[in-house]
Amino acid sequence: MPAGLFHESYRYDERIFQTWFVKAWLIAFLIACALFPFVGSKYMISIMTEVGIAIIACHGLNILTGFTGQISLGHAAFLGVGAYTCSILIQHGVPFIIALPMAGVMAALVGMIFGIPSLRLRGLYLAIATIAAQFIIEFTIRRWDSLTGGVEGMFVEPGILGPFHFDNRIQLYYLTFVLAVVATIVIKNIVRARSGRAFVAIRDRYLAAEVIGVHVFKYRLMSFAVSSFFAGIAGALLAQYLEVITHESFTIHQSIDYLAMCIIGGLGHVLGGIYGVGFWFILERILEVVTTNLNTAFPDHITWFVSIREIVFGCAIVLFLIFEPDGLAARWRTIRAYWKLWPFSY
Amino acid sequence: MDSEFLFFMQMLLSGLSMGSIYALVALGFVLIYKATSILNLAQGEFLMVGAYICLSITLDFGLNFFASFMLTMVFSVILGLAVERLVLRPLIGEPIISVIMVTLGLTYILRGVVIMIWGNDIRQFNIFPEQPVDFWGVKLTYLYLYSLGISLVLLTVFAIFFKYARTGIFMRAVADHQTAAQSMGISVRGVFAMSWCISAVVSSIGGILVGNIAGVGVDLSYIGLKVLPAVILGGLDSILGAIIGGLIVGILEFLSAGYLDPYIPAINEVFPFIVLVLVLMIKPYGLFGTEEIERV
């Protein structure tokens with residue numbers, strides 16, 4: 001009898017749920033998430049909504065950076081495009097059910113425009129081009145007063161979907177939760193499909209990919225579009241969550257944060273985005289508790305603790321890159337492999 | 001001279017002074033990239049740290065400006081060495097994204113440390129006299145003149161250094177071909193460390209100059225990103241390119257502020273980036289950069 005999991009055909013290898021055990025855990029997890037609003041405090045529900053939004057955004061970035069290997073330092077700007085598109089459309093009386101996908105589509109279009117340089121650029125140069133995209137979009141948001149409200153920002157009218165009003169935090173949580181699950185399913189299936197294999201081929205060796213017949217530019221542009229679409233949806237949700245949006249919610253720092261979450265979670269792993277976002281938010285909560293306590297204990301040194309967050313996150317990024325460049329997803333896999341055969345590891 | 005021309009000259013010369021500072025910072029980028037193929041996105045934070053240290057020594061400890069300038073250089077050398085040794089060396093051979101991201105992680109740490117020590121306020125040097133100097137109608141403040149002067153002197157010094165000094169030649173050799181340089185007995189690690197030191201030093205000089213013009217605050221670090229268009233325009237691995245790119249971007253920034261502002265307010269904030277995108281689309285390796293030619 002085989003002691004372990006052995007695949008006998010490609011179809012089995014590509015299955016989403018390798019064992020019933022994984023499936024059971026996943027269902028348990030989803031039920032726990034769905035029941036969460038009944039037990040969690042208002043504050044925790046808000047945080048979980050933020051987590052869900054970040055997960056959608058990170059899935060998008062993971063497609064672009066993790067699977068296609070194109071570094072993007074302008075992801076938050078695409079979130080901004082989505083956020084403003086959705087909010088402006090709602091303001092003009094477009095129903096939410098249309099405004100939400102339009103946010104994604106608009107972000108995808110803008111993303112494709114800034115993806116055009118990827119025709120000629122790779123690696124470093126593309127990363128710099130996305131920095132430029134970040135600044136140009138941010139500038140547009142800040143200065144197009146008549147449309148975006150400029151520096152003062154704009155109020156977001158809550159979206160209405162049938163009986164649901166998303167100014168209710170719990171209903172917004174469910175919307176985010178459902179969309180995050182859908183996003184995860186979509187990304188998993190993109191990766192399993194033809195386009196996903198093309199993405200990975202381009203990432204690993206784009207010349208070889210071109211030689212075997214992958215249309216490199218088409219798939220690069222496509223990954224920009226898919227990634228920005230996710231970002232647009234996440235942005236629209238973020239706008240609903242924040243209720244007032246300004247350009248300050250979509251700066252290069254947020255872009256770096258999203259990239260950091262992806263790296264900590266594991267670039268090129270479907271679950272990487274989820275692990276990374278989880279790690280990031282848990283660390284943030286811990287820091288919040290620690291700094292509040294420190295502030296009350298040493299009120300004379302408040303300035304010291306303000307910057308702790310930046311330093312800790314910076315250290316987290318640097319240490320992860322030095323010691324675990326493949327992120328938590330890879331670490332999890334190693335741990336699982338170790339325990340699978342424990343205590344007889346040979 | 002008519003006022004139209006005077007206005008143009010005013011913008012041109014201001015741009016030239018600002019551009020010379022950009023050229024210095026761009027030089028910092030290029031030095032590191034040439035030697036180690038790392039784009040140090042924490043350059044702006046190096047600049048900010050330098051400015052803060054100099055300001056702090058001058059204002060809080062009351063040393064004269066020249067002495068604190070020299071002390072700042074010493075700190076920068078230490079900072080450059082520490083970053084190279086502790087953060088970047090473990091990452092040799094890792095993919096580009098790791099290296100980019102680690103320098104971004106560094107920006108968080110440096111910014112956090114600066115806020116921890118000096119707080120969030122913008123502070124002024126107030127060392128150079130305020131009243132402008134008049135050159136046949138074109139008014140420039142002493143600050144701009146000094147910046148232009150210091151930058152031009154430094155750029156010349158570096159040009160001579162790379163041409164004739166032993167270490168400079170070593171650095172060029174390593175940039176050209178690492179293994180060949182190593183087999184000639186050049187310490188590649190030494191050169192890496194040297195590049196980081198020089199880069200940290202020139203960026204803190206740039207930081208002190210910009211800090212004098214705009215005040216010292218955390219936002220100073222944005223200069224690092226603003227210089228990227230200059231670096232790309234000149235070519236990532238060309239020292240001459242960095243200098244010319246820096247000057248061009250500085251001039252473009254001021255000219256766009258002067259002429260396009262009535263149509264799109266504050267366009268100068270983003271104009272260099274628009275140029276950047278265009279350069280990347282048309283001539284991605286810049287004016288003087290080495291083109292990567294790929295064959296199957």
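Hi everyone. Let me start with what I mean by contact: two residues are in contact if their C-beta atoms, placed from the backbone, lie within 7 Å. Keep in mind as we go that this is a predicted model.

With that cut-off, how many residues does the contact take from chain B and from chain A? There are 38 from chain B and 37 from chain A. I'll stay on the chain B side. Three helices of chain B give two or more residues each to the side that touches chain A: α4 (96–118), α10 (228–234) and α12 (271–282). Which of these gives the most? That is α4(B), with 16 residues.

Now let's look inside chain B. The chain is divided into domain 1, covering 20–220, and domain 2, covering 227–290. Between the C-alpha centres of these two domains of chain B the distance is 20 Å. Domain 1 of chain B brings 12 residues to their contact, and domain 2 of chain B brings 15.

Where does the domain 1 side come from? In chain B, α1 (3–36) and α5 (142–164) each supply at least two residues of the side of domain 1 that touches domain 2. The top contributor there is α1(B), which gives 10 residues. And the make-up of that side of domain 1 of chain B is 10 nonpolar, 1 polar and 1 charged.

So, two helices to look for on your screens: α4(B), which gives the most to the side of chain B touching chain A, and α1(B), which gives the most to the side of domain 1 touching domain 2 in chain B. Thanks, all!

Key:
Residues are numbered from 1 along each chain as its sequence is written. Chains are lettered from A and ligands numbered from 1 in the order in which they are written. This is a predicted model: local features need pLDDT of at least 70, side-chain atom pairs count only at pLDDT 80 or more; totals for chains, interfaces and linings use all residues. Domain bounds come from an automatic or database domain assignment. Helices (H or I, at least four residues) and strands (E, at least two) are DSSP runs, numbered from the N terminus. Ala, Val, Leu, Ile, Met, Phe, Trp, Tyr, Cys and Pro count as nonpolar, Asp, Glu, Lys and Arg as charged, and the others, Gly among them, as polar.
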